[in-house]
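Please look over the model shown here before reading the points that follow.

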Amino acid sequence: MVRRRPRAVAAKAVAVVAAMSVLVLAILASGCRAPAGRTAAPAPEQKEVILATTTSAQDSGLLDVLLPMFESQTGYQVKVLAGGSGQALAMAEQGEVDVVLAHSPAKEKGIVDAGIGLGRRPVMHNDFIVVGTSDDPAGVKAAAAAVADPGDGRAAAAFKSIAGGQAPFISRGDQSGTHVKELDIWKAAGVAPAGQPWYQECGAGMAQALKIASEKGAYTLADRGTFLALRDTLALVILCAGDPVLTNRYSVLQVNPERFDRVNGPGGKALADFLVSPVAREVIRPFGVDRFGEPLFYPDSE
Amino acid sequence: MGVIWNGIVEAMRLLVRGDVEVLRIAALTLRVSGTATLFAVAVGVPLGTALGLVSFRGRRAVVSVVNLGMGLPPVVVGLWVSIFLWRYGPFGFLHLLYTPAAMIVAQATLALPIVTALTMAAVQQLDPRLRLQVLALGASRPQFLWCLWREARFSLMAAVMAGFGGAVSEVGASMMVGGNMLGRTRVLTTATVMEVARGNYALAIALSIILLVIAYLVVLALTLAQQRRRPA
């Protein structure tokens with residue numbers, strides 16, 4: 001027997017639940033913000049600053065130290081997007097981010113020349129290294145050591161011996177700063193690796209590329225910071241380093257607010273200025289020494 | 001084998017110690033996916049019921065689109081939602097990108113077709129004579145719906161669980177529209193991917209275990225509700 005009253009009440013309950021859900025969603029959509037009470041400085045007009053950076057800068061943990069300092073000093077809220085340098089600069093070209101911290105100098109210069117990037121300044125540097133298995137089938141270590149003066153094409157010699165030995169090589173393949181550097185070295189070595197069976201493009205981040213190289217017993221080009229962080233989990237050793245072409249330079253640039261009116265000009269400038277400030281320099285200088293025995297980055301701003 | 005064991009040990013340690021960051025990530029995961037599922041149910045159940053009961057011209061076309069939605073690749077949803085929410089996108093003025101709200105939108109978009117299609121199938125499975133009988137007994141529209149939903153509750157609960165499962169397991173879209181930002185939009189799935197990318201495998205395994213536990217507890221609660229014996 002169907003009893004009328006409880007059923008009617010139940011039907012109304014369903015309608016109320018549905019309405020409440022929509023209401024909750026609307027409230028959440030409008031009210032979502034970071035936990036308050038973190039900033040001491042007065043809140044500026046456009047609080048949000050979007051920083052596009054590379055995974056190597058983000059994964060080192062350096063930004064996790066620097067950015068909270070910036071936020072408490074200025075009251076800006078920084079949102080970090082980590083991807084490859086290619087992605088970061090592409091987003092800059094669309095005005096979707098305010099500041100870029102990348103390590104792809106040629107592309108960065110292109111952005112500045114196009115009037116989209118402003119105030120490009122060096123922040124820090126470290127270096128790239130060629131790594132591979134300790135038994136080194138292609139003789140990379142010997143080839144690199146044979147070049148007495150490192151600036152005389154030591155990295156290119158290393159790459160040439162990899163190509164010559166048809167040894168497996170893992171490439172980032174993702175237009176990141178590391179990938180671009182790798183392509184430059186192949187060019188200097190006079191090798192066209194694309195499409196060759198020993199050349200494998202993985203389209204993944206640095207840590208994963210290293211892992212793949214370790215699993216497959218292959219060579220790869222890596223930034224020293226990521227390699228140091230993962231060294232214990234990898235079956236790889238450093239085979240070639242010290243060539244000036246392997247220097248890995250990180251620069252900061254702002255996206256031009258006159259080209260894109262939705263870009264946070266003052267916020268972007270404040271963050272860019274902060275990253276090259278003496279305060280930031282003194283954070284970068286000792287960073288990583290306690291964990292790895294050597295600093296991960298060398299500050300460039302003077 | 002060592003990595004797996006380390007991962008399990010790490011998961012225990014994180015939970016027992018009450019690691020603030022992990023708790024925050026887990027809480028955000030529940031909040032975002034729970035809200036998205038709630039929204040998908042609030043809209044999807046009435047919609048699916050309507051599609052199941054009402055015949056109209058072009059119904060089959062609509063049904064096929066809904067069924068397509070069930071197989072929608074999450075990364076596609078993430079890409080399109082982020083394009084719409086970009087500063088210079090059509091909904092950029094909402095400033096939703098890289099907030100939990102954007103993740104709720106993406107996850108709800110994924111869960112909605114699942115809930116709708118399964119509800120529609122559940123309703124269509126009911127004996128048409130039941131509908132006639134309920135109407136013949138003088139049920140009003142809300143009473144009629146309530147009766148149908150009670151009859152189909154097993155399948156409806158399955159629809160809710162499937163919707164929640166789709167939402168909570170989402171990583172590609174959540175990464176794209178949320179940005180995996182520390183303290184703001186980092187959830188268990190995006191954190192797991194990040195830790196893998198960083199090479200912290202023990203932590204990644206620990207996070208994945210925590211995610212499985214949470215997903216299991218929610219589904220367990222829903223299953224108990226689903227399998228509860230009817231009052232005699």
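This is a predicted model: local features need pLDDT of at least 70, side-chain atom pairs count only at pLDDT 80 or more; totals for chains, interfaces and linings use all residues.

1. Residues are numbered from 1 along each chain as its sequence is written, while chains are lettered from A and ligands numbered from 1 in the order in which they are written.

2. Chain A is divided into domain 1 (48–125 + 249–299) and domain 2 (127–247), with bounds from an automatic or database domain assignment. Taken over C-alpha atoms, the centres of these two domains of chain A are 26 Å apart.

3. In chain A, 16 residues of domain 1 are in contact with 13 residues of domain 2 (contact: C-beta atoms, placed from the backbone, within 7 Å). On the domain 1 side, α2 (55–59) and α4 (85–93) of chain A each supply at least two residues (helices: DSSP runs of H or I, at least four residues, numbered from the N terminus). The most comes from α2(A), with three residues.

4. In chain B, the axes of α3 (residues 59–70) and α5 (residues 100–124) come within 8 Å and cross at roughly 125° (axes: lines fitted to C-alpha atoms over the stretch in contact; angles run from 0 to 180 degrees between N-to-C directions). That angle makes α3(B) oblique to α5(B), a class left over once angles under 35 degrees (roughly parallel), over 145 (roughly antiparallel) and 65 to 115 (roughly perpendicular) are set aside.

5. Residues making this contact include V66(B) and M70(B) of α3(B), and I114(B) and M120(B) of α5(B).

Terms used:
Two residues are in contact if their C-beta atoms, placed from the backbone, lie within 7 Å.
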